[in-house]
Every structure is written in structure tokens, then in C-alpha cells.
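Please open the structure in your viewer and keep the selection tool at hand.

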Amino acid sequence: MDSVEERDTEIKAPSVIDRYYTRWYRADMKGKPCEDHCILQHSNRICVVTLAETHPILQDGRTIKSINYQISNGCSRLKNKVFGKSKRGGQFLTDFAPLCRITCTDESEYTIYSCIRGRLLEVNENILERPALLLEKPSTEGYIAVILPKFEESKSITENLLSREEFERVVSKRSVAVQSQP
Amino acid sequence: MLPLKDKDKPVVQKLLSAGCCARCVLRFCCVSVQAAYRQPQQETLKELHCFIGDTTDSGAAKSTEENKDEPAEDPPSKRPKLEPSLTGAELDQGSTAEKLKDEESQVCVVCLGILQELCDKNQAIKIVEAVKGENYEFDTLVLSVSLPAQLCVREHSCWLHVKTQLREKSIILGKDDVIQVKEAFKWIMQSLVAKELGGVAVVTKSPFEVGVEFTHPETDADCHFLYVSNSSNIFTPGLFFLSHYPCPPIQTTTRCSAQDVQCLHTSVFVAGRYNKFCRSLPQTPWVIDGERRMESSVEELIATPIVSAFRAQGFNFSSSGREDVDVRTLGNGRPFAMELLNPHRSRFNRVQMKQLQEKIKQIKVTHLYYHREAMSRMKEGEEEKTKSYTALIWTQKPICSEDITFIDGIKDLTLEQKTPLRVLHRRVLAVRPRVIHSMTTRFLDPHHFYLGLKTQAGTYIKEFVHGDFGRTKPNLCQLLKTETDILELDVEVGWKPLI
Ligand SMILES: [Zn+2]
């Protein structure tokens with residue numbers, strides 16, 4: 001691949017995500033190291049929940065055994081349905097509402113959370129058929145869910161999240177910590 | 001001579017003594033000869049007095065018999081006024097003149113002055129000045145009148161008064177045949193206004209409407225008893241009305257006052273086609289958080305010169321479809337239509353329309369024309385069934401022209417498109433099948449090519465190219481097995497739907 005040319009075109013044309021979305025992060029979700037989530041917020045306030053590139057699922061060549069949107073006996077995110085322009089009927093989520101559980105072939109299990117308040121619009125059923133999507137394209141086709149924040153909360157919901165720069169600082173401190181370990 | 005019959009005499013007497021003006025008397029007598037209303041009211045009043053005075057000669061017996069009933073029933077205050085007129089011709093001139101003058105200056109209890117001073121030449125001049133002041137261009141005009149609601153109550157009260165008083169005489173006084181105040185007002189004013197305007201026809205139907213509104217605050221309370229009534233139709237039983245409202249209506253000290261004259265020209269419709277060659281122009285003013293994002297918009301660029309040429313008060317813009325801020329509109333141009341509200345000018349010849357068309361900058365407008373009636377075919381979102389686009393595509397992996405030629409062979413590819421995330425906040429979430437009828441490619445360089453598409457209307461092209469998080473399937477990324485993105489998009493508009 002011609003890396004010089006690629007860099008040129010990237011300058012000319014930022015990706016769809018760069019153009020229309022703002023990246024927000026939640027680091028070490030629920031205190032679990034490196035379980036980082038990334039929220040892509042569109043300028044129309046819609047949010048897409050994805051795994052951050054640093055999430056353990058995406059490290060060490062892990063492969064996915066199963067993805068489960070049934071988060072409790074009584075609640076499956078797959079049953080979520082919204083109606084009309086106002087998206088009636090969607091499940092309402094708070095910051096720590098679990099979206100799905102992902103089990104890797106090494107039997108490690110991870111819970112993915114909403115990270116923001118809002119109405120659940122859809123979950124990504126494509127990753128059920130092709131879990132590899134999650135590993136190959138975690139920030140696009142391997143997204144977890146789409147959430148619509150309340151109009152009046154569209155600014156405040158990201159207050160507890162990290163900006164891209166803040167997140168990168170967190171990540172670089174981690175690698176320093178890892179390197180300084182004996 | 002007034003077109004009155006002998007049987008009208010007792011009615012005329014009753015009405016005059018109740019405090020009705022001469023023209024209201026004509027109305028209640030169902031006189032439909034317009035000229036009778038147009039003559040000066042003083043004249044009419046004199047004639048009416050003559051008319052009832054004449055009875056002493058021709059219908060003496062009948063009239064005397066009628067008069068016997070009256071003292072008991074008539075309101076005492078009106079009595080002295082009526083008395084002399086009965087003796088008619090014998091009256092001495094001085095006292096008749098005085099009485100007439102007195103009646104003239106009295107505000108009519110029914111029309112509250114509308115058919116008195118409020119429909120004379122001065123009023124016509126006032127209307128015409130208002131019209132001229134607004135600088136409208138028009139061939140004809142229609143006069144509309146808005147009267148205070150209490151006139152209905154007063155009219156009914158007066159009608160009941162006459163009806164109950166003359167019941168035994170089997171006088172038939174159908175309420176439906178009574179000439180409306182509005183009607184009489186227009187008969188008088190239309191010709192006066194036409195004359196003041198120098199011969200413009202004042203007609204019953206015209207795109208240009210001049211509205212005169214009257215109010216009468218002194219008697220606004222007249223209607224209040226109607227609101228407390230439980231009766232569904234207070235006008236029918238009569239008894240309810242009589243117990244709540246005086247018959248005949250009470251004299252007032254003031255007459256109605258005329259409000260500002262309102263001029264309104266019906267909408268004119270303008271249509272044409274536009275091409276947009278710019279990638280930073282939204283369809284409508286783009287405001288986010290109260291802040292303007294782009295300097296202009298398609299709508300404003302087209303509407304501003306047109307609105308100012310037609311000197312319209314406002315407009316409604318619609319186009320058959322719309323494009324995103326960064327999409328150009330090529331080909332024959334996108335059809336649009338505009339409703340111009342209250343245009344002060346509404347006549348343009350072909351050359352003038354052409355000049356107007358050329359005044360529109362940044363956007364190219366063609367086929368501009370105007371029409372007096374709404375163009376029914378022009379509906380928001382009405383589009384051709386098939387749409388043509390050209391897109392500039394970026395590929396992540398380097399390509400050669402052979403890598404993309406297979407795309408030219410794809411026919412009628414059906415997509416499953418989920419409502420794009422970029423519009424999902426305001427549209428229903430659904431999966432819609434959309435067909436790409438055909439595609440053509442033109443290789444540019446190892447990372448770029450032009451993609452021409454003919455698609456079913458309603459296909460989201462950007463999402464087909466970048467995939468929208470895999471929510472449009474199949475998408476160009478899948479077809480080319482590399483990330484693809486759309487850098488530019490043009491819509492080519494065909495000829496068909498010229499409205
Ligand atoms: Zn009157």
C-alpha cells in the first residue's frame with residue numbers, strides 16, 4: 001500500500017466519523033482496567049456505542065465465542081423496538097445500563113455498557129452473525145448499539161466522558177506504567 | 001320614488017319611531033333596488049316621511065285603524081316624533097325640517113351609523129387613500145366589510161319589535177328577505193370607491209380585497225347575554241331573547257368607528273428550475289443553537305429577488321426534493337415553486353420575468369414563470385421515480401481501472417437501507433429496500449473514481465458508498481472489498497417533471 005498517497009487523501013478527506021461525529025470515551029469502565037468504551041456522537045445528537053481500540057477484547061489476538069444481548073432473564077436488548085419519528089417504546093438506558101455480554105474463546109467475559117443516558121434505538125445484529133466484524137471494524141460495522149439522548153440532555157450526557165485528547169493521555173500513562181514495571 | 005307598497009306603511013312607521021335610519025327602513029322593507037340605497041339618506045328619509053304621510057289621503061280608514069293600537073304599545077319617548085308625520089301634508093314646513101334634522105343626526109339603533117355617515121363619499125376617500133398608500137397594482141377590487149357582532153342582536157331585536165307589534169295585521173315580514181347591512185353597505189360604497197379610484201371596477205370577485213372593519217365599543221356588552229344562555233339557538237324561541245334584550249334596541253350616543261383599511265392581494269405562484277453549483281449551500285437557512293451556520297441558502301437566494309420584485313409580504317417555498325448542503329444540482333435543474341403572499345405587484349411580461357430570472361445569483365434559475373392559481377402538482381417531496389447522480393469516490397486500497405469495471409455490469413441491485421443515522425433523529429427507524437438500476441465508473445487515479453448512479457427515488461447515496469456502520473447492505477465498501485468514502489455528490493435532474 002502506498003502510505004504516502006494514503007496520508008495525502010486522508011488530509012483531503014477525513015473519514016465519515018471524523019466529519020460528522022465527535023469521539024467520547026469512558027476509560028476503565030466500572031473500574032475494570034482497560035475496558036474502554038468509545039461513544040461516537042453525531043452532530044444530530046445520536047450516539048453510537050463502540051469498543052475503544054484499547055478494549056481487552058481487541059487485544060492479544062482474542063477471538064469471540066459469543067455475544068449476548070440478553071442482559072438478564074427479563075431483559076433482552078434484541079427485543080427493543082421503536083415506533084414513529086419520536087421513537088416511542090425504546091428501552092431507556094442510564095450510564096451503567098449493560099448492553100451485551102461478550103465471551104471470548106479464552107473464556108474471558110466482558111460486559112459492554114451504555115455509557116450515556118438515552119433511548120435505545122437499535123443494537124447491531126450483524127455482529128451476532130459475524131462476530132469477527134467486532135474485531136475487524138470495531139468503530140464502524142462492529143458497533144454495539146445506537147442511542148438517542150434526550151434533546152435537552154444532548155450536551156450534558158458527555159460531561160462525564162473523556163475527550164479524545166484526555167483519553168489519549170490516559171492511555172499513554174498506562175503504557176508508561178506498563179513499561180516501568182519490572 | 002321609493003319602491004314601497006301600501007302594506008309597508010305600518011312597518012315604515014314602526015321602524016322610524018324605533019330609531020331606524022332611512023336605509024335600514026328600506027332593508028326591513030326588503031327593498032332590493034340598489035339605487036334606492038345610493039341616493040342621499042336625507043333624501044330617502046324625506047321620501048319615507050312623505051310616504052307614510054300620504055296615507056291620510058289614500059288609505060285613510062286603514063291607517064287610522066292601525067294608529068289606534070299604537071299609543072299603548074309604542075315606547076313613549078318615540079311617540080312625539082311619530083305623531084306629526086301622521087298628519088303629513090298639513091304639517092308646517094319649519095317643524096318638519098327640524099324633526100328631519102333631528103332624525104338625521106341620530107345614530108341608527110340597528111346599523112349604528114354604518115348606513116349613515118359611515119358609507120358616504122368621505123369614507124370612500126378614506127378607503128381609496130389607504131389603497132393608494134400601499135401602492136398595489138390591480139385591475140379590479142372586491143370590498144369586504146366586517147361589522148361588530150352586536151349588529152346581529154340589534155337587527156333581530158328590531159325585527160322582533162316590528163313583528164310582535166304588527167302581528168295582528170298579518171304583516172308578513174320574512175327575516176330572510178331583509179337586506180343585510182353588509183349588502184346595502186357594499187351597494188352604496190362600491191360605486192363611490194370605484195369613482196374615487198378613477199374607474200377601477202369594484203366587483204364581487206377579485207384577487208384584490210380591500211377590507212373595512214367597524215367596531216362599536218359602547219355596545220360590545222350587547223352580546224354578553226348570549227354567552228350565558230344555555231339555549232342552543234337563542235334566535236328561535238323569541239321569548240328568551242325578549243326577556244334578555246330590549247325591543248327595540250336602545251339608542252346609542254356614538255356611531256361605529258372605522259378601523260384601519262386592510263388590503264390583501266391573493267397569492268401569486270412562481271415556478272421554475274434551479275441548478276446549484278456550490279458545495280456549501282444549504283436548502284434553507286441553517287441555524288444551530290440560534291447561530292447561523294452558512295451565509296445563505298438556496299431558498300433565500302431564489303426567493304429574495306422574486307419577493308422584492310412582486311413586493312410580496314412573505315412566501316412559501318417548495319421544491320421537488322432537495323439536496324444536502326454539499327451536493328450540487330446539475331442537469332435540467334430541480335423544479336421549485338413559490339407562493340408569494342400578498343403581492344403588491346402581480347403582472348409581469350415575459351421580458352420582465354426573464355430579467356427577474358437573471359437577477360438570481362449563485363443559483364442558476366431557468367424556466368421562471370408565474371401563475372395566479374396554485375400549481376396543484378407541486379408538492380413537497382414530489383420527485384422523479386428514478387434519479388441520477390455522479391459521485392466522486394475515494395478508496396482506501398489503491399485500485400486500477402480494471403478493479404472497478406465490474407460495477408458497470410451490475411443491474412437492478414436491491415439494497416436494504418436502514419434509516420441513515422444522520423437523519424434518524426427526525427425520521428422513523430425502518431429498513432427500506434431501494435434499487436440501484438445501473439452504475440457507471442470512470443477511473444481517476446489509484447484512490448479515486450467517478451461513480452454514476454441511476455437509482456430509485458429515496459435511495460441514500462452517501463450511505464450506499466460508506467455503508468453507514470454497515471446499516472446499508474450491500475454497500476460499495478463490500479462490493480469493492482475496501483473502505484470507500486464519498487467526496488463529492490452531484491444530482492442530475494432530468495426533464496420530465498416540469499410543473
Ligand atoms: Zn341604519
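This is a predicted model: local features need pLDDT of at least 70, side-chain atom pairs count only at pLDDT 80 or more; totals for chains, interfaces and linings use all residues.

Begin by selecting Ser15(A), Ile17(A), Ser139(A), Thr140(A) and Glu483(B), which are the closest to the pocket's centre among its 33 lining residues. The volume of this second largest pocket is about 720 Å³. Next, colour the elements that give two or more residues to the lining: α1 (3–12), α2 (16–20), β1 (21–26) and β3 (47–51) of chain A, and β17 (484–493) of chain B. Of these, α2(A) gives the most, with three residues. The lining as a whole comprises 12 nonpolar, 10 polar and 11 charged residues.

**Aromatic pairs**

Over all chains there are 12 aromatic pairs. Select Tyr25(A) and Phe167(A): their ring centres are 4.0 Å apart and their planes lie at 0°, so the pair is stacked. Tyr25(A) belongs to strand β1 and Phe167(A) to helix α5 (residues 164–180), so that the pair links parts of chain A that are 142 residues apart. Both Tyr25(A) and Phe167(A) are buried.

Move to chain B and select Phe317(B) and Phe336(B), another stacked pair, with 5.6 Å from centre to centre and 10° between the planes. Phe317(B) is in strand β9 (residues 314–319), while Phe336(B) is in strand β10 (residues 327–341). Both Phe317(B) and Phe336(B) are buried.

Then display Tyr21(A), Tyr143(A) and Phe469(B), which form one aromatic cluster.

**Charges over rings**

Finally, select Lys9(B) with Phe51(B): the charged end of the lysine sits over the ring, 5.2 Å from its centre. Arg27(B) likewise has its charged end over the ring of Phe28(B), 5.4 Å from the ring centre.

Conventions:
Residues are numbered from 1 along each chain as its sequence is written. Chains are lettered from A and ligands numbered from 1 in the order in which they are written. Side-chain values use heavy atoms; hydrogens and water are left out. On a 1 Å grid over the protein atoms alone, a cavity is a set of points where a 1.4 Å probe fits but cannot get out, and a pocket is an open set with protein on both sides within 12 Å along at least five of seven lines; lining residues have an atom within 4 Å of a point. Grid points are joined across faces, edges and corners, and a volume is the space filled by probe spheres set on the points. Helices (H or I, at least four residues) and strands (E, at least two) are DSSP runs, numbered from the N terminus. Ala, Val, Leu, Ile, Met, Phe, Trp, Tyr, Cys and Pro count as nonpolar, Asp, Glu, Lys and Arg as charged, and the others, Gly among them, as polar. Rings of Phe, Tyr and Trp (its six-membered ring) pair if their centres lie within 6.5 Å; planes under 30 degrees apart count as stacked, over 60 as edge-to-face and the rest as tilted. Buried means under 20% relative accessible area, exposed over 50%, partly exposed in between (1.4 Å probe, protein chains only). A charge sits over a ring if NZ of Lys or CZ of Arg is within 6 Å of the ring centre and within 35 degrees of the ring normal.
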